Amino acid sequence: MATDKLQIALYWGAACGGCDVSVLDTNEFILDVAAAADIRMWPIAVDGKYSDVEAMEDGELDLAFYNGAVRNSENEHIAQLLRRKSKTVVAYGSCAYMGGIPGLANLTNRDKILDTAYVHNASIETGNRVVPQPETRVDGKVLEIPRFYRRVYRLDNVIDVDYYLPGCPPDAGQVKAVILAIVKGELPPKGSVVGASDVALCEDCPRTRGEKKISRFYRPWEILADPDKCLLEQGILCAGVATRSGCGVRCPKSGIPCRGCYGPLPGVVDQGAKLLSAVSSVIDSKDPDEVDRILEGLPDFTSIAYRYSVASSLLQRSYQQ
Amino acid sequence: MSYEPKIVGFLCNWCSYTGADLAGTSRIHYAPNVRIIRVMCCGRMDPTFVIKALHDGADGVLICGCHPGDCHYSEGNYKMMRRYPLLKKMLADYGIDEARVRLEWVSASEGQRFADLASDMAQRLRELGPSPVQVAQATDMAER
């Protein structure tokens with residue numbers, strides 16, 4: 001297809017749809033994109049089938065945004081396909097970048113997930129043993145559904161990724177800036193995190209910071225938080241200290257602790273370990289028993305520390321046998 | 001050959017490393033499984049170091065620092081003391097047995113204590129067997 005227009009595809013893997021909506025959050029800008037580019041596939045908004053993409057020449061697409069994690073064989077198949085057909089592939093959003101919320105499933109395993117979803121659950125008919133199988137025989141024919149993987153993978157576990165655009169979802173202003181940079185060819189080195197800053201969220205947070213000494217942790221609903229003071233200092237677990245800024249501090253500005261969706265700071269390999277280090281060292285006690293008592297205020301710390309990054313943590317998954 | 005666990009030991013410069021040194025100069029026999037890395041203070045122990053050691057093939061990690069109240073930097077060992085319970089909880093969530101990571105206080109004069117700790121941990125890990133991390137990582141991408 002000979003055209004000067006930018007050829008684009010957007011795809012969702014294991015995702016909630018929020019990333020696709022964040023593209024629409026760029027408001028009328030998306031209309032300029034639609035005018036300046038051919039959107040060849042975007043399951044949520046435009047027509048365009050897998051077979052259309054399969055029929056393309058290799059490298060025919062200029063840009064592919066892949067959001068969502070890689071949970072099953074269909075996700076991986078499309079990721080491989082887009083990698084072949086597109087000159088640039090961007091891991092769009094925290095799930096493609098780090099495994100995201102679906103990545104939390106790596107703290108359990110496939111058998112337990114299928115068991116909870118189809119066998120042992122209050123809303124499942126007692127005695128049900130029907131669990132989806134990749135292949136089913138019906139009237140002598142074989143029906144296939146995508147294979148549910150043993151764990152969740154990041155996009156760059158299965159394909160070569162050019163850029164990472166973090167966020168759950170990415171900030172609309174950043175999305176716009178990244179699209180413009182790509183159109184103008186003003187791209188940073190391959191493998192860069194784009195649409196985000198290189199400092200911790202705290203640097204941009206308007207709340208006032210003093211000395212951190214925590215003598216009790218609160219779940220957000222247990223306390224009426226001071227609107228101007230650092231949330232962590234008030235005992236509310238905020239991931240800002242271990243998280244890259246660039247989101248516009250959306251959560252702490254509205255009284256909600258940072259959840260860490262923009263991922264680790266540059267040079268950090270394991271976001272959760274950094275948060276653990278920062279949060280526990282400022283506990284205001286020298287008595288091991290009291291420390292234990294204070295830490296009881298953080299039930300399920302692991303899932304909060306690695307809310308978006310289990311699949312990109314050093315350990316990546318549970319090793320429970 | 002029978003299985004021997006690999007233990008990475010992070011020892012603080014001021015007390016525990018000197019304590020381990022004393023074990024050596026006193027010619028105390030102890031399990032040779034610990035590979036020692038000297039850190040200036042156990043308060044410098046980023047939990048990432050522990051996770052990285054397990055990720056890269058260690059079967060266990062032993063962290064030793066000055067006894068509470070004796071820290072050369074006055075507060076460093078308390079920082080590690082506070083991280084430890086949360087780190088153990090986190091590793092448990094990743095399915096790693098809590099016996100694989102241990103925090104102990106060893107002073108510069110406790111050569112015997114360090115030797116006993118090293119032997120004890122080696123024995124405990126021998127019973128526990130190889131870390132599941134290496135085994136699983138080798139097959140992780142192949143067996144999706």
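Let's start with overall size. Chain B has a radius of gyration of 15 Å, which agrees with the value near 15 Å for a compact globule of 144 residues. That radius is taken over C-alpha atoms, and the globule rule is 2.2 Å times the number of residues to the power 0.38.

Two housekeeping points. This is a predicted model, where local features need pLDDT of at least 70, side-chain atom pairs count only at pLDDT 80 or more, and totals for chains, interfaces and linings use all residues. Residues are numbered from 1 along each chain as its sequence is written, while chains are lettered from A and ligands numbered from 1 in the order in which they are written.

Back to chain B. Its C-alpha trace spans about 50 × 35 × 20 Å along the principal axes. Five helices and four strands make up its elements. Helices here are DSSP runs (H or I, at least four residues), as are strands (E, at least two), numbered from the N terminus. The order from the N terminus is β-α-β-α-β-α-β-α-α.

Next, burial. Of the 144 residues, 51% are buried. Buried means 20 or more other C-beta atoms within 10 Å of a residue's own; exposed means 12 or fewer; partly exposed is in between; C-beta atoms are placed from the backbone.

Now one residue. Arg113(B) sits in helix 4, residues 111–128.
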